[in-house]
Amino acid sequence: MSSSFRSDMGTDPYDSVGDDRWIIASASDRGSSRGEIDSLLHGAGYRVRSTDLRHVAIGLEQLESTMVGDQCVASSAEAIHYNPSDLTAWVDSMLSELAPDPHLLRHPLSTAAANTWADPTQQRPSLHRLENHHQHRNVPAVSLQSMDEEEDAAIRLVHLLVSCADSVQRGDSEMAGSLLDQTRLALARVNTGFGIGKVAGYFVDALCRRLYPPPPSATGGGGSAANLEILYHHFYEACPYIKFAHFTANQAILEAFQGHDRVHVVDFNLMHGLQWPALIQALALRPGGPPLLRLTGIGAPSPDGRDALREVGLRLAELARSVQVRFAFRGVAATRLEHVRPWMFQVAPGEAVAVNTVLQLHRLLGDRASPEGGDAAAAEPIDTVLEWIVGLKPKIVTVVEQEADHNKPSFLDRFTEALFYYSTMFDSLEGGRVGGSHRGGQQQQQTVVAAVAEAYLQREMCNIVCCEGAARVERHEPLARWRDRLGRAGLRAVHLGSNAFKQASMLLTLFSGEGYCVEEVAGCLTLGWHSRPLISASAWRADDADDASPPRDHQTLVLQDHSSSITSGSNNVVDGDDHLHQHSVMRSHMGSSDRINDTGSGSSCSRV
Amino acid sequence: MAGSNEVNANECRMVVPLNTWVLISNFKLAYNMLRRPDGTFDRHLAEFLDRKVPANAAPVNGVVSFDILIDRTNNLLARIYRPAPPNPSPATTPLADFHRPPSPDPFPVIIFFHGGSFAHSSPNTAIYDSLCRRFVSLCGAVVISVDYRRSPEYRYPCAYDDGWAALKWASTEPWLHGGKDAKLRVFLCGDSSGGNIAHHVAVRAAESGIEVSGNILLNPMFGGNHRTESEKRLDGKYFVTIQDRDWYWKAYLPEGADRDHPACNPFGPNGVPLEELPFTKSLVIVAGLDLVQDWQLAYADGLKTAGKDVKLVYREQATIGFYLLPNTDHFYEVMEEIKHFVTSNL
């Protein structure tokens, strides 16, 4: 089972970025700080301004009056809840949903009655200042094997790995080498079948690679885009993280597209387009009929003359045709995201645009400046890209990212974080599989899928540990930092509601591993293993999205697993010419003027 | 209930501070939405609405927490809280330091069972995370908050089994055995349904020879078939109704059982006599505005009659959940009682 901690990080101010900044209002200040958040309720997970307390209390009483007996449950089953932490908004929205006509309230409170709450001077000053313990979100779970020896060996192994990373950071390669040898010995005494033992092996290899990098020619073949797609696909199958990402993002996109009859989705990483069949189906079924859907898929160029993007587009077009959704596809091939320009999407006026980025934005980050220097002042690629995303005036931007801080300035910090993050990840692969009740043959297939999924993760881990500079693309940052960044770029958070949460939870019940958990945090959803969040999904819109968005609808996505239909889909691809004629499948291609060439290093790694 | 609502509301508002009233009313209302008349429970909505906090290996007010898996077969998780270890040297990891005793002297280990009437909440629910952290600071304790299986998905005796598993686990952890005699000084503590669980786990401990230093029961959840005077008098007045109590018992007890089942009514007609068992000493805290107080008082009496050591702390003006926010006198008084009980039974 995973064992994970972050090293104590009191010094980095970025670690104290919480998803909600608030001002501590101690009771002794209560008279002067009426506008501030009630600190005691904040400790309980609720943000209510002291000045709003009475309003909320009255609202709660009114809600109770409208909810009587069985009617209470029945009517509330229809309601969708947003941001339960914000009691003021929650109460108001529940009231408007369940009691639209205030005159129907049974026991309207007189203002006199409304003021009869207990005298606040009865409250004692709080002896404990509540600190912002919503910081440090990404501290993962720990578990211990029951046998002392096993436990000691695991602890020792972690200790060795971290010490080794520390020597690497200090440039003491002799010490590092010697520690690596000791680590290999320690590895022999630990169960490498699961938990820290399994992932430690990969980290030992990664450290080794960093200390003694192989010559450039040796790294050539492994990084091809086609291989990566295979790994990704197995990762998709082996655990629910990507499915969760797709599903949650689609729900937000669907809601944002309400009332629009021309919609355009920009997908930052098309791969096999696994995300889109469900959306196409949902659009087909929406009341009022489907819109015209355009999909622009960004992806890596195909090396061997194939046009992978186009092939995916054709399959999606076929599906769209079968459910009578007018559909058009465009592919944009680029080796690096920052080379993409918005004109390549050819967004038409009047289109509702959705930008979908699943595990992509972190690739645009650079080195974080040291804490003393504050955030990097120079424009990073992320800023440029966020700027043009906002410029597209999207109705919705869906962002899915790993919930971890693998972009800290200190190598040792990154290493330790990654060690615990990936050991939890690997645990979930193991746990999700073992709990299954499949027959023998399927069990074997599951083993293969899980093993390849591990290879996918190993690539990420290796990148974090071995690479620096432009080659290090796995620069994961936690949700709290993304919130800040996206907020500064001019995006405002859109709360994912209880509907998305419920459907995500139901998705999890399809997986037999009981350890997965979905959580709601300030409008975003996270999926994790045993209370350690591993992936987060959030939705955003431009600050000044002018047209009033249509009222949120309760339409929900039909939950379907389309992965198998895609992989077997190659048999179903209709003749290309037929398509071009019927669906104007557009393809921006790849005249050499469009092809983005990259002189960068791809998968080769440089040593620090 | 309809006609007297306004009277009820007025009385209730007078005894609790405004923010406490908002907190508990919010729970009440949300919980109303989750209980379905057919006995099923909207678990997804419950998890969505529940405010949770992650574990935190960095010290906050001198307390750190981390989650562990106690029992893989049942996915039994617990969150452990302990005093922050002294500043580690750069070469050690927090993981190693967290598994050392917090002190060379005897220290209490509190196994905590959160409340929620067997159906709601988890160790990572914010209110319970706060409470456990407070216990660490109060008593210098290591607190183990158990993520027991909840009803209606898991009925009796699952919660007790999980509590028992946690106690057995604690008894095998070397770092929890403190003092020169390397002894586990364990207290079983819980509020509402957690108090009920603490009692039953203590019975099992007494039957199996594991020594428990003390039980701390905060507004423990007990009941029985007949309606007591306090239930009738306080029904619907202070956030809780007889109807919801009935629902939760129905959801927890085995199908077909009634409220005189020993899980619900340990000193009732079907109770297990404790006279011969080395059952531990108890601190029972009863809120004067809790409608099940007659059952709680009867529980304390039952212990006394069986010759067991019990201290009863009764707070007239306290409602359910008074121990969740530090804004009343009874909050601080009760915390002192708990501290005294723990430190004098180490």
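In helix 9 of chain B, the buried residues are Ile242(B), Asp244(B), Arg245(B), Trp247(B), Tyr248(B), Trp249(B), Ala251(B) and Tyr252(B); buried here means under 20% relative accessible area, with exposed being over 50% and partly exposed in between (1.4 Å probe, protein chains only). Helices are DSSP runs of H or I with at least four residues, strands are E runs of at least two, and both are numbered from the N terminus. The model is a predicted one, so local features need pLDDT of at least 70 and side-chain atom pairs count only at pLDDT 80 or more, while totals for chains, interfaces and linings use all residues. As for bookkeeping, residues are numbered from 1 along each chain as its sequence is written, chains are lettered from A and ligands numbered from 1 in the order in which they are written, and side-chain values use heavy atoms, with hydrogens and water left out.

Back to helix 9 of chain B, which spans residues 242–252: eight of its 11 residues are buried, so this helix is mostly covered. The cover over those buried residues includes helix 2, helix 6 (158–171), helix 7 (193–208) and helix 8 of chain B. Helix 8 of chain B (residues 229–234) is where Ser230(B) sits. Ser230(B) has a relative accessible area of 0%, so it counts as buried. Setting aside residues up to four places away in sequence, Ser230(B) touches Asp235(B), Leu291(B), Val292(B), Gln293(B) and Asp294(B), where contact means heavy atoms within 4.5 Å.

Helix 2 of chain B also takes part in packing between the chains. Axes are lines fitted to C-alpha atoms, for helices over the stretch in contact, and angles run from 0 to 180 degrees between N-to-C directions. The crossing is left-handed, i.e. the near helix is turned anticlockwise from the far one by less than a right angle (clockwise would be right-handed). On the chain A side, the residues that meet helix 2 of chain B include Leu53(A), Val56(A), Leu60(A) and Glu64(A); their partners include Leu18(B), Trp21(B), Ser25(B) and Lys28(B). By class, this contact has nine nonpolar, three polar and four charged residues. Nonpolar covers Ala, Val, Leu, Ile, Met, Phe, Trp, Tyr, Cys and Pro, charged covers Asp, Glu, Lys and Arg, and the others, Gly among them, are polar.

Lys28(B), in helix 2 of chain B, has 19% relative accessibility and therefore counts as buried. Apart from neighbours within four places in sequence, Lys28(B) is in contact with Glu64(A) and Phe239(B). Lys28(B) and Phe239(B) are 211 residues apart along the chain, yet their C-alpha atoms are separated by 6.4 Å.

Within chain A, helix 13 (residues 381–391) and helix 16 (residues 479–488) pack at about 55°, with axes 10 Å apart. That angle makes helix 13 oblique to helix 16. Their crossing is right-handed, with Ile382(A), Asp383(A) and Leu386(A) of helix 13 against Trp482(A), Arg485(A) and Leu486(A) of helix 16. The class tally is four nonpolar, no polar and two charged residues.

Overall, chain A has 19 helices and nine strands, and 58% of its 608 residues count as buried.

Definitions and conventions
Parallel < 35°, antiparallel > 145°, perpendicular 65-115°, else oblique.
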